[in-house]
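Have a look at the sequence and the coordinates first.

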Amino acid sequence: MNNLREIWGSRFVHYITELQKYLKYVFTGHLAIVFVFTIGAGGYAYSEWLKEVPADFPAALLTAIVLGAALVFSAPVTLLKPADTVYFLPLENKLEMYVTQSLRWTFFSQLPLPLLLYIVAWPLLAATGTGTRTEFVAIAILMVLLKRGFVVIEYNFRHAREGRNVWGDRVIRFVLAGLFIFNGLVGNMLLLPVIAVLLGLYSFHWAKQKKEKPFPYDHFIELEQNRMMRFYRFANYFTDVPHLKGSVSRRGWIGFLFDKPKFGQTVPQAYLIRRTFIRTDDIFWLWVRLTALSALGALFIPFPIVVFVFSGALAFASAVQLIHALRAGDEFRMDMLFPETEDTRPAAIKRLVRSVQWIQATVVTVTALLLYGIATTPFLIGAVVVIISEATIRLTGEKKEFD
């Protein structure tokens, strides 16, 4: 038992060290600026909207849906490794201590998100006269209990079913959690014990089913590897992750952007950088996601100043992350085969980023026209994207090598 506790402790320390190793590159001044402006713009838009929200707005229903969705995602963080399939097998009868430590960390690491969303929902609930302060506090306490129960239920379900049909379990828990929160907010206290009993019976069922099945090492190891791989892919947007190999797709549907190279006429660096951007999944879809978010903001945010800040922040994030991602690479690259000087690659990267940011500005402007019509605002939004992108391209320093 003590050995398993020590193993968990050492792995947890290594896990935190690994997070810190990469997060120091993620949460730099660049990203902090994006967060500050985006949160500020969102907060301003939210506060302005609350001034006009109708009294019959379904605040309780919306809050129950959002919080229910945030609570049900309770995948256990086990920190298991592939070798554990062999080395932990003789200790399977004592593995409960290791699992207990894992579920405790899972609970504390996942609890802040639903609580933060609940705090954000308070002004909306107050503006629509939904619930009282005592009910708000009681529901917050019940949410903590729900989250703890959901962490255990999802672990038991995955254990019993070896990871199959997890979404079915989540749908059931989402419905029960949503009903629990909704009835608590609207004051239907008589239904809360009934829902609590249903949750208790559901939890008891999967706890019993789990005891009849051996520990599914393969599923939990794969779950852990996928979780860490998502983090590494995210960190790879900001710095090199040495052991991460990104995927590549041909994307023939935009092949028209590739001119056939002609000897003596094609600029090698520009050609290779363009191919790298379009065919590298992480880089390409990063830009697509940020462009789509900026377009959605221009379509649904009715406050011009908020859209300026929101689109400008995302333009900054797009430009700076594309530059860092394109500068990263393996020790050997195809451009090293060409007799090109070293300063041609940074220049080609800047030209490529400048081009795609003009495309982003065009997309955002066209989208804003749907909300604001033919007016000055959509073109000002596009101009903000171009200006922020150009300033970022000019001011972004040279690539720092990964330490």
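With which residue does aspartate 169 form a salt bridge? Its partner is arginine 173, and the closest N and O atoms are 2.9 Å apart. A salt bridge here is a side-chain nitrogen of Lys or Arg within 4 Å of a carboxyl oxygen of Asp or Glu. Please keep in mind that this is a predicted model, where local features need pLDDT of at least 70, side-chain atom pairs count only at pLDDT 80 or more, and totals for chains, interfaces and linings use all residues. Residues are numbered from 1 along each chain as its sequence is written, and side-chain values use heavy atoms, with hydrogens and water left out.

Both residues belong to helix 8 (residues 166-186), four residues apart, which is about one turn of the helix. Helices are DSSP runs (H or I, at least four residues), numbered from the N terminus. Aspartate 169 counts as buried at 1% relative accessibility, and arginine 173 is buried at 0%; buried means under 20% relative accessible area, exposed over 50%, and partly exposed in between (1.4 Å probe, protein chains only). The pair also sits in a salt-bridge network that links Glu154, Arg158, Asp169, Arg170 and Arg173.

## Other salt bridges

The count of salt bridges comes to 11. One of them joins aspartate 84 to arginine 11, with closest N and O atoms 2.6 Å apart. Aspartate 84 lies in helix 4 (residues 84-87) and arginine 11 in helix 1 (residues 2-26), so this pair ties together parts that are 73 residues apart in sequence. Aspartate 84 is buried at 3% relative accessible area, and arginine 11 is buried at 14%.

Glutamate 48 forms a salt bridge with lysine 51, at 3.1 Å between the closest N and O atoms. Lysine 51 is exposed, with a relative accessible area of 64%.

## Helices 6 and 7

Helix 6 (residues 112-127) packs against helix 7 at an angle of about 160°, with the axes 11 Å apart. Axes are lines fitted to C-alpha atoms, for helices over the stretch in contact, and angles run from 0 to 180 degrees between N-to-C directions. The two helices are therefore roughly antiparallel, a label for angles over 145 degrees.

Arginine 133 lies in helix 7 (residues 133-161) and is exposed at 71% relative accessibility. Arginine 133 and tryptophan 122 are 11 residues apart in sequence and 9.5 Å apart in space, C-alpha to C-alpha.

Definitions and conventions:
Parallel < 35°, antiparallel > 145°, perpendicular 65-115°, else oblique.
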